[in-house]
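Then let's walk through it together, one part at a time.

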Number of protein chains: 2
Amino acid sequence: MVTLKEIAKECNVSPTTVSNILNGKPKVGEETKARVLEVIDRRGYRPNYIAQGLRNQKTKTIGIIAEDIAQFTTPEIVEGIMSFCEERGYRTIVKNLRLYARWNDSWFSNETSYHSILDPVMKELDSIMLDGIIYIAGHARMIHCFSEGVRIPAVMSYAFDTNPKIPSVVVDDKKSAYEIVQYVISKGHRKIGVIGGKADNIHTQQRLLGYQKALFENQILYNPSWIRYARWDKESAYQEAKELLKTDVTAVFCMSDRMAGGVYQHLAEKGLRAGEDIAVVGFDNQDIAEYFVPGLTTMALPLKEIGHTSADLLLRQMEDEKTGEAPGQIKKLIPCTFIERASVHRI
Amino acid sequence: MVTLKEIAKECNVSPTTVSNILNGKPKVGEETKARVLEVIDRRGYRPNYIAQGLRNQKTKTIGIIAEDIAQFTTPEIVEGIMSFCEERGYRTIVKNLRLYARWNDSWFSNETSYHSILDPVMKELDSIMLDGIIYIAGHARMIHCFSEGVRIPAVMSYAFDTNPKIPSVVVDDKKSAYEIVQYVISKGHRKIGVIGGKADNIHTQQRLLGYQKALFENQILYNPSWIRYARWDKESAYQEAKELLKTDVTAVFCMSDRMAGGVYQHLAEKGLRAGEDIAVVGFDNQDIAEYFVPGLTTMALPLKEIGHTSADLLLRQMEDEKTGEAPGQIKKLIPCTFIERASVHRI
């Protein structure tokens, strides 16, 4: 591999001159510049970005730390970050902590396990002089991720950081749940059961607040015994559906599409049909929602936009633009998009 | 950040000694070693892996280039690679070319577009002195990716490289299709239609060979007019199903689960049911297969194993182990796993 020194020698200029040309500094005459660029091109010289970073403290590279890229929400957030960064001339690299692959969901409250994985990755990224870091959580919660001493701009995506200086970008769960429950009510339903995710989960809590708000605004009594909690998956929701459908609810708001699948399964076994006998709505708009028969009405998670917004906040920090907000007060809530299919009938 | 030099000074040894200790070289006395390690620990010194790489030509880091991590097959292959590498003490970084996000599927035959994205990434990875690279394709095909001059070990995952020196790891499409068609035949079906992916696609071609082999071994005539091609998605398969089900086929082999969704949709419109009136099988075992009613019998793609095997082949190259095979003759075919649900009835 040809080095910068060799290029300089061949052009009869100093290495500093070659470096100035590569970094677009204005001090070099046009003729010299053209000559050096020609040699760089002909010899196939390529600057070593990372070594450059070690000197300049600027690599034009953003680090992305994913808790687990196999979580269904993560690849699209990554895509959102990368498309934004690419347009703005930033490279990206991804590190994957594999937390769900490692421990399923037994680790959330274990700081020691968590940091045994996170800390070496942070050190590694620190050592390659990135310009900024975006951390993508697998689900919304408070995370003790970026220490007070974090030296480069950072953004928490899809969750909150305990460090108040770190901006966060999350789903507007409350508003989105409110919207879909309003829709169900608009179809004449007033007895609306809920199958939520785990009770201590932020998504569950916020979506329940949205449900309660929609009920209140329509002067519908809130019946706590119609709120059931499952584990986000089909099987656990199927069990809850059995109990819930012993009551006289006419509609079920499921906090994930997978859980709506459990309700569909129970209905099929009883010879009933979603969108005819019982209205069912989901949340997430995963691929499966389109394949349900009838198609599942749901809220599409704004994953790409969460990625875009996270990258935007990071680049603003990096470029020292004034956001008009003091750092640490930035919590962006991104609303979902309503997707109407055929699982809610009018009564 | 404390430097290696400062550690050396504090310990009254040379920087080379500190470096030897960090790299596990045997020349240093036990007492010195213990003293230096104590200082390293106390001062929080961390070696700069990349700068180390620039000196040692070894970073213990594997680069993963994904054509698009939003392709449904990719995250699990990445997980397979990473879990293998982590066990063996290698770090990984991921670069995402975003080819499908950029151009959908219009780019496969356009070398210029392709290399306008690939080449800068290759140069960037080259400049950080990785120990090896694994390239993950979005679908199987011949890819002109690694040039003859590639200087570090490389593996092509989920496709083939035109460079015969690059080992490849792909799905055993033929064997897997053979297996599921054998199963359909074992249930008494002899009139088995096919909805394939695009006709010029390697997956389609190999799966068709498996279908033909199963027919031949059971002395069933091959009827070319029962082979229809769609675009891997639900909608195009729905259109093909309309035509195919005008014939007297009793079963349909769909080359993707999504396409099986199109067949289910057509059956529902005709008041028919998969697994009762017409047998349907899919391929891929995406999440959706479990949510079909009835559940879809299909072949699960061996994505994690493809990742493992790719990483294994790479590390073998890197560690100069003898594989008993000359490089370039290595093409690993990984079979799928049969997943029986309820979409095939006995006739």
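Predicted model: local features only at pLDDT ≥ 70, side-chain atom pairs only at ≥ 80, totals over all residues.

Residues are numbered from 1 along each chain as its sequence is written, chains are lettered from A and ligands numbered from 1 in the order in which they are written, and side-chain values use heavy atoms, with hydrogens and water left out.

Start with how the chains relate. Two copies of a chain are related by a rotation about an axis and a shift along it.

Now zoom in on chain A. Its strands β9-β8-β10-β11 make, in that order, an open sheet of 4 strands with parallel pairing (strands are DSSP runs of E, at least two residues, and helices are runs of H or I, at least four, numbered from the N terminus; two strands pair if DSSP finds at least two bridges between them). β9 (227-229) and β11 (279-281) of chain A are the edge strands, each pairing on one side only. On average, neighbouring strands in this sheet are turned by 20° against each other, direction ignored (axes are lines fitted to C-alpha atoms, for helices over the stretch in contact, and angles run from 0 to 180 degrees between N-to-C directions). β10 (251-254) and β11(A) run parallel, joined by 3 bridges, and V252(A) sits opposite V280(A).

Helices cover this sheet. Helix α8 (173-186) of chain A lies across β8, β10 and β11, at about 170° to β10(A), whereas α10 (234-244) of chain A touches β8, β9 and β10, its direction making about 155° with that of β8(A). Contact here means heavy atoms within 4.5 Å.

In chain B, the order β9-β8-β10-β11 turns up in an open parallel sheet of 4 strands. Strands β8 (192-196) and β10 (251-254) of chain B pair in the parallel sense over 4 bridges, with G193(B) opposite V252(B). Helix α11(B) lies across β8, β10 and β11 of chain B and runs at about 160° to β11(B).

Next, the second largest pocket, with a volume of about 800 Å³. (A pocket is an open set of points on a 1 Å grid over the protein atoms alone, where a 1.4 Å probe fits, with protein on both sides within 12 Å along at least five of seven lines; lining residues have an atom within 4 Å of a point. Points are joined across faces, edges and corners, and the volume is the space filled by probe spheres set on them.) Of its 34 lining residues, R273(A), V293(A), R273(B), V293(B) and P294(B) are the closest to the centre.

Finally, the backbone. The V293(A) to P294(A) peptide bond is cis, with omega near -5°, and P294(A) lies in the loop between α12 and β12 (298-300) of chain A. The bond from V293(B) to P294(B) is cis as well, with omega near -5°.
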